[in-house]
Amino acid sequence: MRRTNRKTNDVILQTTVQTVFFIIVIYSVHLFFSGHYTPGGGFIGGLMTSSAIVLLLLAFDVKTAASILPVNYLYVTAFGLLAAIGTGIGSLLYGMPFLKHWHGPVHIPFLGEIELATATLFDFGVYLVVVGVTMTIIQTIGETE
Amino acid sequence: MTEISKFIVGFLVLQGAFLSLAAAIGVLRLPDPYTRNHAASKSATLGVLSLLLGVFLYFWLLKGEINSKIILGIIFVFITSPVAGHLIMRAAYNIGIPLWKHSVQDDLKEKKRKESRE
């Protein structure tokens with residue numbers, strides 16, 4: 001084993017990742033939305049999304065993956081924290097204690113009555129924080145030579 | 001109907017368990033990494049697929065609920081498991097794991113020697 005950076009043909013891996021990436025992302029979104037009534041939620045959904053992006057990083061190199069998803073993950077983390085704090089602040093505006101949540105049926109045009117909960121917004125913040133932190137760690141480790 | 005579906009579910013689950021056992025025995029008994037991987041990736045894939053299909057049919061025919069996550073798991077394992085086997089064996093070949101001593105043909109050897117000389 002003299003050269004470790006030998007160019008190999010990665011067609012099988014890359015084609016499989018292009019197919020499997022969408023399955024994992026769709027399943028992570030399903031896990032995120034099913035967190036209220038069944039096992040799932042923001043944490044595990046975020047971990048699965050970041051595992052899909054890690055799969056992209058494995059099949060392609062860091063630069064290609066960054067050009068496919070041109071996102072600064074530190075901003076994703078910050079936005080997730082803002083979303084989580086914002087749901088807490090929002091209840092203060094109605095004269096309720098911090099992080100008081102509501103849920104109830106909401107009428108949405110074209111979709112009808114849907115049971116919505118503001119805890120989903122908090123969960124979305126958790127989701128973004130998990131994706132951002134995981135991808136920041138992995139990209140920082142992967143880029144150091 | 002219930003008895004027939006019980007029979008089919010039991011057959012699928014037992015078949016999956018048997019194929020997983022066959023994969024484990026193959027990993028123990030076969031001589032070199034390539035043949036071991038042949039046993040492990042193929043037989044274990046079909047074993048897991050049979051088990052998942054049995055579980056899906058159990059919940060569908062006997063409990064009356066369709067769990068699409070199991071179908072997604074079947075598709076996912078069916079796509080990814082052979083690819084994992086392929087990648088592991090290619091890595092093993094690239095770092096120079098020798099073939100079994102009775103194997104007669106190695107078409108990749110010439111190309112690999114040429115590449116390592118460059």
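How much of chain B's 118 residues do buried residues make up? Buried residues come to 23% of chain B, where buried means under 20% relative accessible area, exposed over 50% and partly exposed in between, with a 1.4 Å probe and protein chains only.

1. Some ground rules. This is a predicted model, where local features need pLDDT of at least 70, side-chain atom pairs count only at pLDDT 80 or more, and totals for chains, interfaces and linings use all residues. Residues are numbered from 1 along each chain as its sequence is written, chains are lettered from A and ligands numbered from 1 in the order written, and side-chain values use heavy atoms, without hydrogens and water.

2. Chain B has four helices and zero strands, giving the pattern α-α-α-α along the sequence. Helices (H or I, at least four residues) and strands (E, at least two) are DSSP runs, numbered from the N terminus.

3. On overall shape, the C-alpha trace of chain B spans about 65 × 25 × 15 Å along its principal axes. Among its contacts (heavy atoms within 4.5 Å) between residues at least 6 apart in sequence, 60% join residues at least 24 apart.

4. Over in chain A, strands S1 (residues 103–108) and S2 (residues 112–117) run antiparallel, joined by six bridges; strands pair if DSSP finds at least two bridges between them. A:His103 has A:Ala117 as its bridge partner in S2(A). The two strands form a hairpin with three residues between them, and A:Phe110 in the turn has a positive phi of about 75°.

5. A:Ile89 sits in helix H4 (residues 73–93) of chain A. It counts as partly exposed because its relative accessibility is 40%.
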